Amino acid sequence: MPESHARFPKALEADLLRLYRDYFDMAERRRRWSLRHDVPWADCNPSLDPAVADVVESFLAVELYLPDYVASAMTMLRPSRACVWFYANWAYEESKHSLALGDWLLRSGRRTEAQVADLEGRVFAREWRVPHDSAVGMLAYAAVQELATGLNYRNLRRKVDGQGDPALSRLLGLLGVDEQAHHSFFLKAVRLFLGHDRAGTLAQLYRVLHHFAMPSIYEMADGPRRVEAVKALGVFNDRLYFDEVYRPVLAALGVSRPELRRAARGLAPTGAAA
Ligand SMILES: [Fe+2]
Ligand SMILES: [Fe+2]
């Protein structure tokens, strides 16, 4: 079995399983929502800025890479029941996100069935590889990506609320709550790994934080244009990444930047954050 597929130590697996059960219980009690009933679909705004629809389409593309996220995670984390069961639940929730964004593009009249099908075809034509080759690297990457995705939805929702579209506003709110819950699970998982192997986890965390890019749309032929459109709308940019993703993730994990840099150079960790 490759190193990256190795079983986790028993105590770590037990902690991860507890984390997953807490996550699952909370999702069942508080967070389930209905795509059909919880979004006021009749309240789409036909005069919304077309730039918003373009960004919604880009976010749909990111969510459509679901098979690639799941395949990579299930393969790498297969020996961990906690992680595999989590990803099964996570995949169900993410599958709703692409349905919701696609439904809004269609119901608002911003895209035709043929245009959405064309986008799906272009996404599925190319397999996306998760850019990390270790279990903890993948979990850390997910922690960062989920936080960034949640911020994208929050900021896009603010733009939408300035113009009015109750349907899109509601669905972005629902997606944002899900992404925050995903981020929280992954972050807590990384915290558990830090407790078991601080140096190794920090080395992976450094790679993730210092080479992060929103996935997938970069790989599309028109990816650079899509990234620029997200920036132009003020939804996400490098400054937001540093202030609202990079620094909060380190703070939440109790890791200082000097300690992270030391770990990246292969030096012994110095302990808690300064
Ligand atoms: Fe999502
Ligand atoms: Fe998510």
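Aromatic pairs come to 18 in this predicted model, counting rings of Phe, Tyr and Trp (its six-membered ring) whose centres lie within 6.5 Å, with planes under 30 degrees apart called stacked, over 60 edge-to-face and the rest tilted. Take Y69 and W128: their ring centres are 5.1 Å apart and the planes meet at 75 degrees, so this pair is edge-to-face. It also links distant parts of the chain, since Y69 sits in helix 3 (residues 66–76) and W128 in the loop between helix 5 (113–124) and helix 6 (135–163), 59 residues apart. Helices here are DSSP runs (H or I, at least four residues; strands are E, at least two), numbered from the N terminus.

Both partners are tucked away: Y69 is buried at 10% relative accessible area, and W128 is buried at 4%. Buried means under 20% relative accessible area, exposed over 50%, and partly exposed in between (1.4 Å probe, protein chains only).

Now for a pair of sequence neighbours. F185 and F186 have ring centres 5.8 Å apart and planes at 80 degrees, so they too are edge-to-face. F185 is buried at 3%, and F186 is buried at 0%.

The charged end of R81 sits over the ring of W85, 4.6 Å from its centre, while K96 lies over the face of W33 at 4.2 Å from the ring centre. The rule is that NZ of Lys or CZ of Arg is within 6 Å of the ring centre and within 35 degrees of the ring normal.

On to the metal. The iron ion (ligand 2) is coordinated by E94 (OE), E146 (OE), E146 (OE), E179 (OE) and H182 (ND1), at 1.9 to 2.7 Å. Donors are N, O and S atoms within 2.8 Å of the metal (3.2 Å for Na, K and Ca), and with water not among the atoms, sites may look incomplete. Along the sequence, the donor residues follow the spacing E-x51-E-x32-E-x2-H. The iron ion (ligand 1) is 3.7 Å from the iron ion (ligand 2), and E94 coordinates both. E94 lies in helix 4 (residues 81–107) and H182 in helix 7 (residues 166–196), so the pair ties together parts 88 residues apart in sequence. Both E94 and H182 are buried.

A word on conventions: residues are numbered from 1 along each chain as its sequence is written, with chains lettered from A and ligands numbered from 1 in the order in which they are written. Local features need pLDDT of at least 70, side-chain atom pairs count only at pLDDT 80 or more, totals for chains, interfaces and linings use all residues, and side-chain values use heavy atoms, leaving out hydrogens and water.
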